[in-house]
Amino acid sequence: MNETAELRKRVAQACRVIGLLDLTPGTLGHVSARLPGTDRIFIRARGPAESGVRYTAEDDILEIGLDGKRVDGKSDGYSAPLEVHIHTEIYKSRPEVNAVTHIHPSIVVLLTICNKPLLPIYGAYDPQSLRLVLDGVPTYKRSILIEKPELGRELAGVMGNKNVCLMQGHGITTAANSVEEATLYAIHLNDIATMNYRAYSLGDITTIPQEEQDAFHKMKIDTGYGDPIVGVPSGRAANLWRYYTRLAEDKAGSGQRDRP
Ligand SMILES: [Zn+2]
């Protein structure tokens, strides 16, 4: 399989992992990846034969330009999602980004609705997701559809150089070096948001002490996130991705879900 076909396959697989982990409902959400060395991307498309994020097939992945239009010019009913501008405007402004996800995880969105900030409530329990909170997670304060380039630029401006961004009453956007890392950031953000949600529900939250927050923030660990292998995860990120793809396969194979 050549590199381009392989990338298309990885984008479809990332969509299925997101769906199987229930990180987004139904057909709402998309993953994209930059085709190396080009101004084109692969993105989960919307069209007549799609069956939702969980069942994304390679045929559901469309090649588009950074103008949001199909490269092949075909008219088979498939087109880029309405919110393609989330992806294209991030790619235009951040050359280091090779993959973007945009999804609607309910717990994370609930916290934005109730104005509950993500708190550093644990440490060694999961340092990777803690790091997101310690780095600061920006929030795009509007709940509208990002259906115009200027709105995509506005979101990209709020997100800055971060890997994750909350979208008030809407969802999240993640951006990273590879499809796998961008998806893992979405999983990590959902994980710490879920623990925050539970902690807020129980009450009497204790955040970890400032000195421990500082220690985790400074800690240098070989995570494989953002390593200089363009478009490919390595180290712990690659290992964790293997875990999630196997988990998704198990869930699909157990009869809980049908495999596309
Ligand atoms: Zn959306």
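Where is the place of Asp204? It is in the loop between α6 (179-202) and α7 (210-218). Helices here are DSSP runs of H or I with at least four residues, strands are runs of E with at least two, and both are numbered from the N terminus.

Before going on, some ground rules. This is a predicted model, where local features need pLDDT of at least 70 and side-chain atom pairs count only at pLDDT 80 or more, while totals for chains, interfaces and linings use all residues. Residues are numbered from 1 along each chain as its sequence is written, and side-chain values use heavy atoms, with hydrogens and water left out.

Back to Asp204. Its phi is near 50°, a positive value in a residue other than glycine. Asp204 has 78% relative accessibility, so it counts as exposed; the cut-offs are under 20% relative accessible area for buried, over 50% for exposed, and partly exposed in between, with a 1.4 Å probe and protein chains only. Asn115 also has a positive phi, about 50°, and is not a glycine. Asn115 sits in the loop between α3 (106-113) and α4, and counts as exposed at 56%.

Next, the metal. The zinc ion is coordinated by Glu83 through OE and by His102, His104 and His170 through NE2, at 2.0 to 2.2 Å. Donors are N, O and S atoms within 2.8 Å of the metal (3.2 Å for Na, K and Ca); water is not among the atoms, so sites may look incomplete. Angles among the 4 donor atoms run from 91 to 150°, and the site is irregular. His102 lies in strand β4 (residues 99-103) and His170 in the loop between β6 (164-167) and β7 (171-176), so the pair ties together parts that are 68 residues apart in sequence. Both His102 and His170 are buried.

Now the cysteines. Taking a disulfide as a pair of cysteine sulfur atoms within 2.5 Å, the count is 0. For Cys114, the nearest cysteine sulfur is that of Cys165, 19 Å away. Cys114 is partly exposed at 46% relative accessibility, whereas Cys165 is buried, with a relative accessible area of 0%.

How values were computed:
Four donors count as tetrahedral if all angles lie between 85 and 135 degrees; four count as square planar and six as octahedral if opposite donors are over 155 degrees apart and all others between 65 and 115; anything else is irregular.
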